Amino acid sequence: MTVADRLAELGLTVPAVAAPVAAYVPAVVTGRYVYTAGQLPFVDGALPVTGKVGAGVDAETATAQARVAALNALAAVQSVAGSLDRVARVVKVTVFVASDPSFTGQPGVANGASTLVGEVFGDAGVHARSAVGVAVLPLDAPVEVELVVELTD
């Protein structure tokens, strides 16, 4: 089964790569690895949710937004790899969560990204991860996701 087949089975499509909001590119390849820039949960060029998790954005909504941001990160990978079928494994997922100072559920929010990657890639989607609470993210996004993936030859 191809990754495209798996995405279709999940009812997902890889979106167009989100336009950078500053001076960077969405992803770069070095050797066999792709590093994505932080991807926000854009849908059709806009953020459907803004604000801090734990103060205006609940954890469930933020988890869903982390899933969207991870799908955008896959779009960035695809843009430089040519095909997601070239992904040998997902090495690392980093999820930044714009958090109210009292919010401590960053790992649960990050599960939105981790679960998506696992559903799409199966065993090749098992990865190391960091879930980081931050004061604010670009454009007041609640989450931002970065991926490091290894490509096949």
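## The annotated domain

UniProt positions are given in the numbering used here, feature names are shortened, and annotations may be inferred rather than shown by experiment. With that in mind, the UniProt record, an unreviewed entry, places the feature "domain: Endoribonuclease L-PSP/chorismate mutase-like" at residues 6–151. The structure discussed in this report is a predicted model, and the values below are computed from it.

## Overall fold and dimensions

The protein chain contains three helices and seven strands, and when these elements are read from the N terminus they follow the order α-β-β-β-β-α-β-α-β-β. Among them are helix 2, at 59–81, and strand 5, at 87–98, with a loop between the two.

A compact globule of 153 residues would have a radius of gyration near 15 Å, and the protein chain, with 14 Å, agrees with this expectation. Taken along the principal axes, the C-alpha atoms fill a box of roughly 45 × 30 × 25 Å.

## Interior, contacts and surface

Of the 153 residues in the protein chain, 43% are buried. When contacts with a separation of 6 or more are considered, 81% of them are between residues 24 or more positions apart.

The protein chain exposes about 7000 Å², and carbon and sulfur atoms supply 55% of that area. As for charge, there are 8 positive and 14 negative side chains, and the centres of the two sets lie 6 Å apart.

S114 has its place in helix 3, which covers residues 106–121. Is S114 buried or exposed? Its relative accessibility is 14%, and because buried means under 20% relative accessible area, S114 counts as buried. Leaving aside neighbours within four places in sequence, S114 is in contact with H127 and R129.

S83, by contrast, is found in the loop between helix 2 and strand 5, and with a relative accessible area of 26% S83 is partly exposed. S83 and L151 are 68 residues apart in sequence, while their C-alpha atoms are 10.0 Å apart in space.

## A glycine between two strands

G31 lies in the loop between strand 1 (27–30) and strand 2 (33–36), and with a relative accessible area of 69% this glycine is exposed. The C-alpha atoms of G31 and D58 are 39 Å apart in space, although the two residues are 27 positions apart in sequence.

Most residues other than glycine have a negative phi. Which value does phi take in D44? D44 has a positive phi of about 55°, although D44 is not a glycine. This aspartate is found in the loop between strand 2 and strand 3 (52–53), and at 81% relative accessibility D44 counts as exposed.

D140 also has a positive phi, near 65°, and is likewise a residue other than glycine. D140 is found in the loop between strand 6 (128–134) and strand 7 (143–151), where, with a relative accessible area of 29%, D140 is partly exposed.

Notes. Residues numbered from 1 in each chain as written. Predicted model: local features only at pLDDT ≥ 70, side-chain atom pairs only at ≥ 80, totals over all residues. Heavy atoms only, no water. Helix = DSSP H or I, 4+ residues; strand = E, 2+ residues; numbered from the N terminus. Rg over C-alpha atoms; globule rule 2.2 N^0.38 Å. Buried < 20%, exposed > 50% of the residue type's maximum accessible area, 1.4 Å probe, protein only. Contact = heavy atoms within 4.5 Å. Areas by Shrake-Rupley, 256 points an atom, 1.4 Å probe, with all protein chains shown as cover. Lys, Arg positive; Asp, Glu negative; His and termini not counted. Charge placed at Lys NZ, Arg CZ, Asp CG, Glu CD.
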